[in-house]
Amino acid sequence: MLDNLDAIVLDLQDLGARCYTFVSTLRYVLEAAASARKQVIVADRPIPLPRVVDGPMLDERFSSFVGCVRAPLHYGMTPGETAAWLKHALALDLDLKVAPMKNYCRQSRRGPDWPPWIPPSPGIRSWETGYCYLATVFGEALPAINIGRNSNLAFQVFQRAGS
């Protein structure tokens, strides 16, 4: 499937959260590229909570697409850092390049020089949603909880459904 490609470019806005499937997609692309001997270029981007590494490690018995890397729930790495870590952690023989951000530093809040938010999905529409995601995402599995999924405040509210 990758025979006619020279390289794969990934430019996705990530949250730095294990249950957000960017990291799963990244892992599978890196593994496929290593197997096919293709170069991967990852565009680095800031994440909403760059100074936070928190939460339980993945229990391998529950590995799935929403949890396929052995990392804390919030791993706090940018896409480029995550790609480099996965290359090392999975011992991939891979030509990986990271397109770095200019003037990036790990501020605890978004800086004025950060690039504009590119929604990675319809539910993650803003930086603010990214800040709240890990605190509210589990509410998606609970029908009695409304997390504002189909509103402009997705993952930013937490109330009883029907309220």
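Buried means under 20% relative accessible area, exposed means over 50%, and partly exposed covers what lies in between. With those cut-offs in hand, let's visit a few close-up views of this predicted model.

**View 1. Lys97 and Asp95 meet in a salt bridge.**
Here the two side chains come together with 3.1 Å from N to O. How exposed is Asp95? Its relative accessible area is 37%, so Asp95 counts as partly exposed. Lys97 has a relative accessibility of 43%, so Lys97 is partly exposed too.

**View 2. Arg45 forms a salt bridge with Asp11.**
The closest N and O atoms of this pair are 2.8 Å apart. The two residues come from distant parts of the chain, 34 residues apart. Look for Arg45 in the loop between β2 (39-43) and β3 (54-57), and for Asp11 in the loop between β1 (7-10) and α1. Is Arg45 buried or exposed? Arg45 counts as buried, because its relative accessibility is 11%. Asp11, in contrast, is partly exposed, with a relative accessible area of 44%.

**View 3. Arg37 forms a salt bridge with Asp93.**
In this close-up, the closest N and O atoms are 2.9 Å apart. Arg37 has one more feature to spot in its backbone: a positive phi of about 60°, although Arg37 is not a glycine.

**View 4. Phe155 has a positive phi of about 65°.**
Phe155 is not a glycine either, as its name tells you. Where is Phe155 found? Its place is in the loop between β6 and β7 (159-160). Phe155 has a relative accessible area of 2%, so this residue is buried.

**View 5. Helix α1 and helix α2 cross at roughly 50°.**
Two packed helices are described by the angle between their axes and the distance between the axes. In this view, α1 covers residues 22-36 and α2 covers residues 79-89, and their axes come within 10 Å. How are α1 and α2 oriented to each other? They are oblique. The crossing of α1 past α2 is right-handed.

**View 6. Ala43 and Pro79 are 7.3 Å apart in space, C-alpha to C-alpha.**
In sequence, these two residues are 36 residues apart. Ala43 is part of strand β2. With a relative accessibility of 17%, Ala43 counts as buried.

**View 7. Phe138, Leu142 and Phe158 form a nonpolar patch on the surface.**
Together, these three residues have about 290 Å² of accessible area. Leu142 can be found in the loop between α3 (127-136) and β6 (145-146). How exposed is Leu142? Leu142 is partly exposed, with a relative accessible area of 39%.

Technical notes
Residues are numbered from 1 along each chain as its sequence is written. This is a predicted model: local features need pLDDT of at least 70, side-chain atom pairs count only at pLDDT 80 or more; totals for chains, interfaces and linings use all residues. Side-chain values use heavy atoms; hydrogens and water are left out. Patches are made of residues with over 30% relative accessible area and no salt bridge: like charges are joined within 9 Å, nonpolar side chains (Val, Leu, Ile, Met, Phe, Trp, Tyr) within 5 Å. Accessible areas come from the Shrake-Rupley method with a 1.4 Å probe; for residues, only the protein chains shown count as cover. A salt bridge is a side-chain nitrogen of Lys or Arg within 4 Å of a carboxyl oxygen of Asp or Glu. Helices (H or I, at least four residues) and strands (E, at least two) are DSSP runs, numbered from the N terminus. Buried means under 20% relative accessible area, exposed over 50%, partly exposed in between (1.4 Å probe, protein chains only). Axes are lines fitted to C-alpha atoms, for helices over the stretch in contact, and angles run from 0 to 180 degrees between N-to-C directions. Angles under 35 degrees count as roughly parallel, over 145 as roughly antiparallel, 65 to 115 as roughly perpendicular and the rest as oblique. A crossing is left-handed if the near helix is turned anticlockwise from the far one by less than a right angle, and right-handed if clockwise.
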